[in-house]
Amino acid sequence: MSETAGPIADLSYRGYDGPRRVSIGRWWPIAKNGLRVTLRKKGFWVLVVLAYLPYVLLMMQLFVFSRMPEGAGIRFEEMLAQSYSSWYWVLFVALIVGAGSIAADNRSNALQIYLAKPITKGDYLFGKWLSIFIIVYAVVFIPVFGTVLYAALSEGMIEFMREHGWLLPKAFLIAAVPATVHASLLVGISAWNRLPWLAGTIYAAVFFFWNGFTTIFGSVLQDRLSDGMSATVQHLSLQGVITGLGTNLIGVAQRSMFRPETQPLPDWRVLLVLGFAACAIGLFLARTHIRAVEVVKG
Amino acid sequence: MAVAEISSLTLKYGSKVAVSDLSCTVPEGCVGLLGPNGAGKTTLIKALMGFLTPASGGATVLGYDIRTEGLKVRMHVGLMPEQECHIPGLSAVQYVAYAGELCGMPSADAMRRAHEVLDYCGLSEARYRPIETYSTGMKQKAKLAQALVHGPQLLFLDEPTNGLDPQARDEVLTMIRDISHGKGVNCILSSHLLPDIERTCDHVIVMQHGTVRAQDSVEGIRSLSMRQWDVELREPSEEFEREVAAAGAEVVWSVLNRYRVEFPDGTSDASHTLFLAARNASAQVRSIRHSQRTLEDAFLEAIE
């Protein structure tokens, strides 16, 4: 019996005649890939753990206070607002997810690959935006919801629901605020850069300087303005929009380091307009810079 | 059936005209877009992919209008771009499967097909390595694989052998030749490298300054005007030259026993005249055929 010399498999080129969908969900593979790439990064998980620490501390506090007579007079919303306002780690999570989302594609000329497929620029942009949104949303939502749920279970569900019942559904909205702001602005800045670290540095610089400026500006005007107006002025930054809208949803203002007494809530309408404007600018910047070919002005 | 119909297409980058009033029909098979750098080949491909909006005129690809049916065009075509490009952070198999998913393939099908095309492209051993670690030749093959994953009817190949060593170049050209002959895939191959076109294409479109200078089959573009014939005799013969002159034709050049003979316009029975001249000169004809030139000569003549 003679031996067969060649391969038994057909290794020549064959066409593909399987199913192909041109659905409206063309952005989903892009979002899914963004999630897959992010979840493989070790740095991301380190930052997630750090972002969760304030909530772990809050749960420990709740555990201790619940064993003190009359709960040591704590207000749960105040503590939640304080934890929600420890935003640095969420910002860093957003940076690690979003800074390179489009910049890395620009650097490796991947836009030609993406836009040569049956997807539109809108699909590409939405897919990238959604991958940042989902991750930041999850990073904020899970501990907020978990903390509220923990408090409900330890305080007695019925009693808790009577006093803070709206916090559970509100947790969905609270998490959406930072996720929307970070995702919209990061895709905008990332689209204009070829280096992820540069896009991240620019966003972080804008974030910190703007926040610092409004904090100082608000403090200077504190004596001349009403408490409510002063609080609003101090929140006229990206971070201000996130914490201001978040604390409005929780219903209690964050306590200032310098003024431990209860602060008034900033005007949510002003912050909503500012937030929408910032997001629109970010998305507009991204939309104008996503293209498969370099446009030469001549 | 034509793969693409281009009519009066003008493309501009700002105020600079890159393609000017270009009209042509791209036939089925493997078609070479030949031209010097800056001729408008890549710009034409980008327009046919729907990346650029025409300033005027229009085109259809596989029957779909590039202005209004861009998604349908891209559903049925694949692009292997000129520049080095990949999706960062992925291995080759993830990259190709992802390209398939972007074309609407179900995840499982895309992954199975990714393995198939990577096997075909000779990357089966390296498929799990990140593309960033690939050599130039491997990156070119990965680009070809991502363009093939969804089984396109038409493949745009923009300078596919750029930066390749001779062995890798040979492999890529063999694959292109194989895909475009008998596998149901039409190719439009843009290159300024004449041997690449000569080896893979059946049809050539010569471009310069954004216009079509010549278009024909490779054989057709290589053949000189039908007035010239190459004759090989068994032995050199001065008598043959005299007989040819007497018949009203002219020997353009001769080397030993080979002659190039040019007939005046309107000569209908040139081959018969040549045989007659050989018989009268008692010379034995070894071969007789229309004169041909290299593709390089034809190309240089077209762009002059």
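Residues count from 1 along each chain as its sequence is written, while chains are lettered from A and ligands numbered from 1 in the order in which they are written. Since the model is predicted, local features need pLDDT of at least 70 and side-chain atom pairs count only at pLDDT 80 or more, whereas totals for chains, interfaces and linings use all residues, and side-chain values rest on heavy atoms, with hydrogens and water left out.

Let's take chain B as a whole. Its C-alpha trace spans about 75 × 45 × 30 Å along the principal axes. The chain holds eleven helices and 14 strands; both are DSSP runs numbered from the N terminus, with helices being H or I of at least four residues and strands E of at least two. Of its 304 residues, 54% count as buried, where buried means under 20% relative accessible area, exposed over 50%, and partly exposed in between, using a 1.4 Å probe and protein chains only. If you look at contacts (heavy atoms within 4.5 Å) with a separation of 6 or more in chain B, 66% of them come from residues 24 or more positions apart.

Now for a sheet in chain B. Six strands make up an open sheet in the order 6-7-8-3-9-10, with mixed pairing; two strands pair if DSSP finds at least two bridges between them. Strand 6 (77-80) and strand 10 (211-217) of chain B sit at the edges with a single partner strand each, so one side of each has no neighbour in the sheet. On average, neighbouring strands of this sheet are turned by 15° against each other, direction ignored.

What does strand 9 of chain B pair with over four bridges in the parallel sense? The partner is strand 3 of chain B, and here Val31(B) stands opposite His203(B). With strand 10 of chain B, strand 9 pairs in the antiparallel sense over six bridges. Along that pairing, Val204(B) stands opposite Asp216(B), and Gln208(B) has Thr211(B) as its bridge partner. Strands 9 and 10 of chain B form a hairpin with two residues between them, and His209(B) in the turn has a positive phi of about 50°.

In a regular strand, side chains alternate between the two faces of the sheet. In strand 9 of chain B, His203(B), Ile205(B) and Met207(B) point one way, Val204(B), Val206(B) and Gln208(B) point the other way, and all are buried. Helix 11 (residues 295-303) of chain B lies across strand 3 (30-34), strand 9 and strand 10, running at about 40° to strand 9. For angles like this, axes are lines fitted to C-alpha atoms, for helices over the stretch in contact, and the angles run from 0 to 180 degrees between N-to-C directions.

Strand 4 (residues 56-61) of chain B runs antiparallel to strand 1 (residues 2-13), joined by five bridges, with Ile6(B) opposite Ala59(B). Strand 4 of chain B also pairs with strand 5 (residues 64-65) in the antiparallel sense, over two bridges. The hairpin of strands 4 and 5 of chain B has two residues between the strands, with Leu62(B) in the turn at a positive phi of about 55°.

Helix 1 (residues 41-49) of chain B is mostly covered too, with eight of its nine residues buried. Among them are Leu44(B), Ile45(B) and Leu48(B). Just after this helix, Gly50(B) takes a positive phi of about 90°.

Finally, hop over to chain A. Ala81(A) is found in helix 3 (residues 76-84) and counts as buried because its relative accessibility is 0%. Leaving out residues up to four places away in sequence, Ala81(A) touches Thr247(A), Ile250(A) and Val252(A). Ala81(A) and Ala253(A) are 172 residues apart in sequence but 6.8 Å apart in space, C-alpha to C-alpha. Elsewhere in chain A, helix 7 (residues 121-155) and helix 9 (residues 167-191) pack at an angle of about 145°, with their axes 7 Å apart.
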